[in-house]
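Here is a short briefing to read beside your viewer. Take a look at the fold first, and then we will walk through it together.

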Amino acid sequence: MRDGFNTQETWPFECMRCLHVWEEEYVVRHLMDDYGNEVTIWLRAGVTVQPPWSGMSCPGCGAYHVTSFPTGYLSRHPELVPVPVPEPVVEAPVVSAGSAAAARRVPMTRAPLPGRLLLAVGLPVALFVGYELYENMTRVVHPH
């Protein structure tokens with residue numbers, strides 16, 4: 001590889017599922033070999049990644065239905081960028097020096113399950129089971 005230069009690009013994205021808006025910064029390395037072939041390498045935080053238009057997923061909900069804006073779009077439309085929510089201050093529990101086992105124990109918190117997911121899975125299962133029970137109770141038993 002003989003000739004090359006780097007550019008820095010900022011790509012704004014929006015998730016079409018949860019409407020989360022964010023920006024990703026890339027370093028784009030443009031290279032040309034001895035035969036005149038052009039190569040473009042996309043880097044994010046020093047790591048080679050796919051181009052932004054292929055396979056981007058939302059950091060909020062994980063959906064792959066993501067669209068991008070033109071470069072500089074979010075700087076002209078600041079109302080689209082959500083205000084960051086401040087992190088809640090968590091006070092550390094006071095542990096006495098005599099209880100080393102209590103100091104090692106960390107309270108585990110479970111992530112709340114989304115209600116829509118439970119409804120989407122539970123309702124069809126409940127309908128299926130209810131239908132099967134109804135069929136079995138109303139069916140007349142005929143000995144063969």
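Strands here are DSSP runs (E, at least two residues) numbered from the N terminus, and two strands pair if DSSP finds at least two bridges between them. This is a predicted model, in which local features need pLDDT of at least 70, side-chain atom pairs count only at pLDDT 80 or more, and totals for chains, interfaces and linings use all residues. Residues are numbered from 1 along each chain as its sequence is written, and side-chain values use heavy atoms, leaving out hydrogens and water.

**The sheet**
- Five strands form an open sheet in the order β4-β3-β2-β1-β5, with antiparallel pairing.
- Its edge strands are β4 and β5 (66–68), each pairing on one side only.
- β1 and β5 are joined by three bridges, and F13 stands opposite S68 in β5.

**The hairpins**
- Six bridges link β2 (residues 21–32) with β3 (residues 38–44), where H30 lies opposite T40.
- The β2 and β3 hairpin has five residues between its strands, and G36 in the turn shows a positive phi of about 90°.
- β3 also pairs with β4 (residues 47–49) through three bridges, and L43 has T48 as its bridge partner.
- That hairpin of β3 and β4 has two residues between the strands, with A45 at a positive phi near 60°.

**Around W11**
- Leaving aside neighbours within four places in sequence, W11 is in contact (heavy atoms within 4.5 Å) with residues including W22, Y26, W42 and S68.

Notes:
Helices (H or I, at least four residues) and strands (E, at least two) are DSSP runs, numbered from the N terminus.
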